[in-house]
Amino acid sequence: MHTELTFIDLGGDQSGGQFLAGPENRLAVNVARQLLAGVLDARFPAPSPTVFHGPSLSGKTMLARGVASRWQQPAEESQRPMKVVFITGADYARDFADACRADTVDAFGQRVRRCNLLVIDALDELADRIAAQEHLCRTLDALADRGSHCIATSRVPPAALPEFIPALIGRLTQGLAVPVSLPSESTRAAMAARFAQQHERSLDAECCRMLSNRLPAGVLPLQSAVAQLAMR
């Protein structure tokens with residue numbers, strides 16, 4: 001049975017180009033498209049905070065980085081580039097702790113709040129960092145007040161984040177939680193055929209199934225294997 005793929009063109013230097021998805025990730029693609037549309041049309045504001053959650057190698061960070069890159073480089077010349085801050089959960093906790101020691105908390109707050117889009121990758125790294133979580137609560141409020149947005153990634157849904165204070169979970173769950181799944185076997189087989197076409201090669205269905213079964217989870221190992229086959 002043929003699996004139909006959909007994609008979103010993320011563009012930019014950090015995104016890796018296209019995010020390919022099968023039926024299991026169609027929602028994630030649609031939400032990412034809405035986030036990109038929010039850059040150009042204020043009538044359709046992007047949901048905030050948006051939390052892409054899923055296992056490692058599922059592509060949630062690629063989506064977040066890609067959206068951030070497009071916000072910085074809008075497709076229409078009439079649009080001004082947006083100010084974007086990209087930070088990991090671990091860096092947020094460490095930078096906040098450093099600011100507390102140096103008495104520069106206000107400066108740190110301005111850095112993460114005076115932007116159009118705040119992206120926090122690996123939000124779950126803030127687990128058990130109570131003071132940093134409380135600061136993030138106030139950051140989300142400040143972003144909302146100025147009409148800015150927040151995108152985060154996590155291995156688990158916001159409501160299931162371990163060692164997170166209820167106040168932060170409450171703010172995160174007021175937004176949109178978007179699951180990002182590892183591609184299914186049939187999706188990976190369809191991706192193998194698509195990658196081969198990009199190299200002006202063709203793979204039969206059996207070869208595509210073999211690649212989808214034997215390679216590690218995720219898209220990058222599959223893409224790399226097809227590229228190596230194309231060079232032979």
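**Entry 1: the whole chain**

I noted before anything else that this is a predicted model. I then looked up the secondary structure and found nine helices and seven strands in the chain. Of the 232 residues, 44% are buried. I also checked how far along the sequence the contacts reach. Taking contacts between residues at least 6 apart in sequence, I found that 72% of them join residues at least 24 apart.

**Entry 2: the five-stranded sheet**

In what order do the strands of the open sheet lie? I read S4-S5-S6-S3-S7, five strands with parallel pairing. At the edges I found S4 and S7 (176–179), each of which pairs on one side only. From one strand to the next, the twist averages 15°.

**Entry 3: S5 and its neighbours**

On one flank, S5 pairs with S4 (residues 84–88) through five bridges, in the parallel sense. Here I found valine 84 with leucine 117 of S5 as its bridge partner. On S6 (residues 149–154), I counted four bridges to S5, and these two strands also run parallel. One pair I looked up there was valine 119 with isoleucine 151 in S6 as its bridge partner. Going from S5 to S6, I followed the chain through helix H5 (residues 130–145), and this β-α-β crossover is right-handed.

Are the side chains of S5 buried or exposed? I found Leu117, Val119 and Asp121 pointing one way, Leu118 and Ile120 pointing the other, and all of them buried.

**Entry 4: S3 against S6**

I moved along the sheet to S3 (residues 50–53), which is joined to S6 by four bridges in a parallel run. In this pairing, I found histidine 53 opposite serine 154 of S6.

**Entry 5: the antiparallel pair**

Which way do S1 and S2 pair, parallel or antiparallel? I found S1 (residues 6–9) and S2 (residues 18–21) joined over four bridges in the antiparallel sense. Isoleucine 8 has phenylalanine 19 of S2 opposite.

**Entry 6: one face of H4**

In H4 (residues 105–113), I listed Phe108, Gly109 and Val112 as buried. Looking down the axis of H4, I saw that its buried residues fall within an arc of 100°, so they line one face of the helix. What covers the buried residues of H4? I found that the cover includes H3 (89–102), S5 and H5.

**Entry 7: cysteines**

I looked for disulfides and the count came to zero. Cysteine 150 is in none, and the nearest cysteine sulfur, that of cysteine 115, lies 8.4 Å away. I noted cysteine 150 as buried, with a relative accessible area of 2%. Cysteine 137 counts as buried too, at 5% relative accessibility.

**Entry 8: asparagine 116**

Where is asparagine 116? I found this residue in the loop between H4 and S5. At 27% relative accessibility, asparagine 116 counts as partly exposed. Leaving out residues up to four places away in sequence, I listed its contacts as Trp71, Met82, Lys83, Arg146, Ser148 and His149. I also looked up glutamine 72, which is 44 residues from asparagine 116 in sequence and 9.6 Å from it in space, C-alpha to C-alpha.

**Entry 9: alanine 32**

My last stop was alanine 32, placed in helix H1 (residues 26–40). Its relative accessibility is 0%, so alanine 32 counts as buried. Beyond residues up to four places away in sequence, alanine 32 touches Ile8, Leu63 and Val67. I also took the C-alpha separation between alanine 32 and phenylalanine 19, and got 10.0 Å for residues 13 apart along the chain.

Methods:
Residues are numbered from 1 along each chain as its sequence is written. This is a predicted model: local features need pLDDT of at least 70, side-chain atom pairs count only at pLDDT 80 or more; totals for chains, interfaces and linings use all residues. Side-chain values use heavy atoms; hydrogens and water are left out. Buried means under 20% relative accessible area, exposed over 50%, partly exposed in between (1.4 Å probe, protein chains only). Two strands pair if DSSP finds at least two bridges between them. A crossover is right-handed if, with the strands pointing away from the viewer, the path from the first strand over the helix to the second runs clockwise. The arc is that of the directions from the helix axis to the C-beta atoms. Contact means heavy atoms within 4.5 Å. Axes are lines fitted to C-alpha atoms, for helices over the stretch in contact, and angles run from 0 to 180 degrees between N-to-C directions. A disulfide is a pair of cysteine sulfur atoms within 2.5 Å.
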